[in-house]
Amino acid sequence: MQQKIAFQGELGAYGHEACVTARPDYTPLPCPTFEAAIDAVRKGDADLGMIAVENSTYGRVADVHSLLPESGLHIVDETFVRVHVNLLGTSEAKLDDIKEAHGHPVILPQCARFLRDHKIRGRVSSDNARAAREVAAGGDPSVAALASELAAEIYGLKVLARHIEDHARNTTRFLIMASEPDYIRRGASGMMTSFVFRVRNIPAALYKAMGGFATNSVNMTKLESYMVGGEFTATQFYAEIEGHPDDANVQLAMEELGYFTDHLHVMGVYPAAARRHEKSGS
């Protein structure tokens, strides 16, 4: 039986594109929400989950970092997808015909300049691929979708304008989740370790907790905070570092972190994507 990889969105979504790019030998499984994609892996309906976590233009994907620690899943890989936004219309439509374009709230700001220059109204859709499907079904030549070329192929739409995103390096980062961790692999571009922690209620606890990474030359690439349980006093931190827990300097840094935390959970150890080290998008 062919393995499956779950993603949020409909066929033709950027999550689908990420699945095809990173795991071409897996069957993509569309899910309506990130929670549903995570649940599909938890229940065994899918072997992996492809979860979008941040976009270089829009920022982090809302609520995902609070979902992942409670998911019971483990990060086993990362992939970066160059997000090319395209204006898709019906077969008889022309660019000058388009009065409104439908897309996800995340995608609309990414091509705001193009929409403004062409006097096209942006309309919110729950999913870019769904917008493409609905444009195809509606048959209105004045209505377009903002989506991938993959969506155009799937739903039989015409690409009226290619690569209309405002920023030339517009990229989305995805994490690949699995039910079991994999600490054995070593990546050609290095390793990443992701974890969440809560500091003890003592003065300068966060400052002291971070000191071990500096003194042991461990590069921390991400540190974000968010409230837990809706309480201002309960703050959890999500962090990513370069290195593997078996590396001597990482071991020392994590030991020091442990002194100043009352909760520490490693969410994944995985190869760093080669794209992480590229200086420009393509």
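Student: Leaving aside its neighbours within four places in sequence, with which residues is L68 in contact?

Tutor: In this predicted model, L68 touches I38, I51, V53, L175, M177 and M267, once neighbours within four places in sequence are set aside. The term "contact" applies because heavy atoms of the two residues come within 4.5 Å of each other.

Student: Why is T261 called buried?

Tutor: T261 has a relative accessible area of 11%. The limit for "buried" is under 20%, so the term applies. T261 lies in strand 15, residues 261–271. Not counting residues up to four places away in sequence, T261 touches F197, R198, V199 and R200. T261 and V199 are 62 residues apart along the chain, yet their C-alpha atoms are separated by 4.0 Å.

Student: Why is G258 called partly exposed?

Tutor: The relative accessible area of G258 is 33%. G258 is found in helix 8, residues 248–259.

Student: Why is S217 called exposed?

Tutor: With a relative accessible area of 64%, S217 is over the 50% limit and is therefore called exposed. S217 sits in the loop between helix 7 (205–215) and strand 13 (220–228). Its phi is positive, at about 55°, although S217 is not a glycine.

Student: What makes strand 3 mostly covered?

Tutor: Eight of the eight residues of strand 3 are buried.

Student: How do you know that strand 3 pairs with strand 1 and with strand 11?

Tutor: Pairing needs at least two bridges, so the counts decide the matter. Strand 1 and strand 3 share three bridges in the parallel sense, with G49 of strand 3 as the bridge partner of A6. Six bridges join strand 3 to strand 11, and these two strands run antiparallel. In strand 11, L175 is the bridge partner of I51.

Student: What makes strand 3 and strand 4 a pair?

Tutor: Two bridges join these antiparallel strands. Two is enough because the requirement is at least two. N55 has G59 in strand 4 as its bridge partner. The two strands form a hairpin, with three residues between them.

Student: To which strands is strand 6 joined, and by how many bridges?

Tutor: Strand 6 is joined to strand 9 (residues 143–147) by three bridges, antiparallel. Three bridges also join strand 6 to strand 10 (residues 158–161), again antiparallel. N86 has A147 of strand 9 as its bridge partner, while L87 has A161 of strand 10.

Student: Which way do the residues of strand 6 point?

Tutor: N86 and L88 point one way, L87 and G89 the other way, and all are buried. In a regular strand, side chains alternate between the two faces of the sheet.

Student: How much space lies in the largest pocket, and which residues are closest to its centre?

Tutor: The largest pocket holds about 510 Å³ of space. Its lining has 26 residues, and Q8, F34, A52, H104 and V106 are the closest to the centre. Strand 3 gives the largest share of the lining, three residues. By class, the lining has 14 nonpolar, nine polar and three charged residues.

Notes:
Residues numbered from 1 in each chain as written. Predicted model: local features only at pLDDT ≥ 70, side-chain atom pairs only at ≥ 80, totals over all residues. Heavy atoms only, no water. Helix = DSSP H or I, 4+ residues; strand = E, 2+ residues; numbered from the N terminus. Buried < 20%, exposed > 50% of the residue type's maximum accessible area, 1.4 Å probe, protein only. 1 Å grid on protein atoms, 1.4 Å probe; cavity = no way out; pocket = protein on both sides within 12 Å on 5 of 7 lines; lining within 4 Å. Points joined across faces, edges and corners; volume = space filled by probe spheres on them. Nonpolar A, V, L, I, M, F, W, Y, C, P; charged D, E, K, R; others polar.
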